[in-house]
Every structure is written in C-alpha cells, then in structure tokens.
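I opened this model to look up a few local features. My notes follow in the order I took them.

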Amino acid sequence: MRSAAIVLASLLGCASAPVVRVAPSSVTAAAPVVAATPPGEPRRMQPTDPPPVFLDPERRAKLEAAFPAIDAYLRETVARDRLVGLAAGVVIDGELAWFRGYGHRDPARGLPVERDSVFGIGSITKTFTALAVLKLRDEGRLDLDRPAATYLPALDDIAYPTADSPRFTIRQLLTHTAGLPRMGNFAEYPETPPSRAEFLATLAGIGLDRPPGERRVYSNLGFQLLGPLVEAVAGVDHRRLVRDQILAPLGMTSTVWAPEDVPGDRLAIGHERTPEEPSRPRPHWRRGPPTRPAGCIRASRTWPATPPSTSPRGRPATRPRAGRCAARRSARRTRWRC
C-alpha cells in the first residue's frame, strides 16, 4: 500500500533526486505516533489461528506410507544436484517420525550426516531475531509502527532519498520494506568482524535505495540492525535474549550461535559451488555484531522428545503442524548468500 506522497514522488521522478539526510523532527510531525503499551501492561491477545485438529484416525499411517517416496526423491535430488550433504526429517505431532542423512557433514574426514549433525541455518536465523522483536512488542516495550530510530538513535545517520520520506519503522525492517540496501558498508566475510560501535558508525555512509514503504526488497542489513535495536530495548545481549527466552523454553538445546559452541565433531562444513566449479568448503560467517541477527545460528535436526508445556508468550504450546518436512543442504548448485 503506497501513500499519495510516494505516488507523487514517483510521478515527478524523485527517485533520481540527490540523497537527503532527513531531520528527525521534520518527519515525525507528519504522522501521529501511537505510544506503546507501558511496560508491565501487556495487551490482551487472542491467537488468530487455532491449533490444528485432525479427525482421520489413519492419518499417521498415511503419512508414514509416504516415507519411501520422500526418501527416493531426496536420494535423486542429492545425486542430481551433487550435494555434499543433506539432513531431512518429518515431524508428526511434535515427534521426529522419520529422519535420513545423505552424504557427508565433513567430506574431508569422511564423516556422514547424522541425526545430531549441526548445520548452519543461514538466514533462517532472521526468524529468531523477529521472534525476539515480537516478544518485546508483546511485553509493551516497543511499538512496531514507531520509527526504529526512536529505540536506536544511530539509525538517524542513514540518509533518505527525499526530504519528505517518512522515517522507517521496526515493522518495515521486519518486512524488508524500509528501503535499505541488501548489505551494509562492511565486508561480508571479514577476518575480524566490526564491533557494535564500529558497525553503527558505518551507517553514516549509507543511503536508502528508495523511500520507506514503497517496495519490498530483501535486506540483510535491515535484520542486522534489529540486533542492536533489541539490545537497546531489552538491555541484554541479543544472543542471550534469544537463547534464554526463546530457544531454552522450546527445548532447542542443539541450537547455538557459533561454530565453536557445537560439541564434538557434529558440525556440518558448509560448501558452495557454481555450475562450472566443484564444491568447495565455505567459510563460516564470522559472528560479529553485524552478522549475528541475520545468519549465524547453527542447529541440528534433533527434536525434543516431549514438546515444551508453554510457549515464549506463556500460553500452552501447540504442537507443530503434522507432516512438516524440512531439509538442509550443506552445498548449493549456485553461490549462496544469506
């Protein structure tokens, strides 16, 4: 949905206008800001999607009958795409009902993919960062529709394309509609990742590619900025909040932030290749403050034997939807970027 101001800017060709640094006060007055619910007074919430109810008593047997076809398809995929390794599982009623490992987690040492192999999940890390933001929203500690700079003032160093561009909100960071470029002004695989202060200092050299809210374009940078924003609001390290308040209550004990936190030799070595090249090991994305919120989590296919009794919101947890199938690859046909 576009505002009239954005449509007019498009018609007048303002997309090619010089970059303008917007003064926070000049835009804030243009739209009323709804105050967040005070801490300690969470809003009443009603889940919009009730837990699934399955009436077919033969349902599990029917799902299990499909396991051989799933296995055959994945074997064909591994051979066709020349994958180094793949782990796949089917969860039924909160239980890991079927698992297969294909190829190797570490080809150099001949180690196969096993049930407890730990894979880098790449940009699925963003899901956990989003959960951290929504948890703070549920607690009334932030408002998704306020300008993000309200909570992280360093964001006002970013340049806007027009003088009347609205300041981007937390919701726009979450939905990739803030207008930010895909990557920030730092190396994607630095030997020494920038510190939090060094990362935020790079924002002065960044300009939006388009006015906020105009279009959805994937941005790693947007989720990288949510890390320090969560820390500013919560007063604790972003990783600690995710670990203690999301992963631990869900029983996700095999999910960690850094390769060195993986016990033993369970870590799967990521690989990449192009159509013209053989697979080669891919360096781990270094775990500095910029990269953590967007793509640093490692996780295994292991599933808790008994689902947790409560969710992060404190409500009774619902079991995952039946028959959910997931797979991870340690190699891709083309170069992979989070």
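Is helix 5 mostly covered or mostly uncovered? I found it mostly covered, with 10 of its 14 residues buried. I took buried as under 20% relative accessible area, exposed as over 50% and partly exposed as in between, with a 1.4 Å probe and protein chains only.

Ground rules. This is a predicted model, so I note that local features need pLDDT of at least 70, side-chain atom pairs count only at pLDDT 80 or more, and totals for chains, interfaces and linings use all residues. Residues are numbered from 1 along each chain as its sequence is written, and side-chain values use heavy atoms, with hydrogens and water left out.

Helix 5, continued. I listed its buried residues: Thr125, Lys126, Phe128, Thr129, Ala130, Ala132, Val133, Lys135, Leu136 and Asp138. I then checked the length of helix 5, residues 125-138. At 1.5 Å a residue its 14 residues should span 20 Å, and the end C-alpha atoms are 20 Å apart, which agrees. The expected span is 1.5 Å times one less than the number of residues. Just after helix 5, glycine 140 takes a positive phi of about 75°.

Whole chain. I count 10 helices and 8 strands. These are DSSP runs numbered from the N terminus: helices are H or I with at least four residues, strands are E with at least two. Buried residues make up 43% of the 338 residues. Of the contacts (heavy atoms within 4.5 Å) with a separation of 6 or more, 75% join residues 24 or more positions apart.

Aspartate 71. I placed it in helix 4, residues 67-81. Aspartate 71 is buried, with a relative accessible area of 14%. Leaving aside neighbours within four places in sequence, aspartate 71 contacts Trp98, Arg100 and Tyr102.

Rings. I found 2 aromatic pairs in the structure. One of them is tyrosine 160 with phenylalanine 168, stacked at 6.2 Å centre to centre with 20° between the planes. Rings of Phe, Tyr and Trp (its six-membered ring) pair if their centres lie within 6.5 Å; planes under 30 degrees apart are stacked, over 60 edge-to-face, the rest tilted. Both tyrosine 160 and phenylalanine 168 are buried.

Cavities. My search of the whole structure gave 2 cavities of 30 Å³ or more. A cavity is a set of points on a 1 Å grid where a 1.4 Å probe fits but cannot get out, and lining residues have an atom within 4 Å of a point.

Terms used:
1 Å grid on protein atoms, 1.4 Å probe; cavity = no way out; pocket = protein on both sides within 12 Å on 5 of 7 lines; lining within 4 Å. Points joined across faces, edges and corners; volume = space filled by probe spheres on them.
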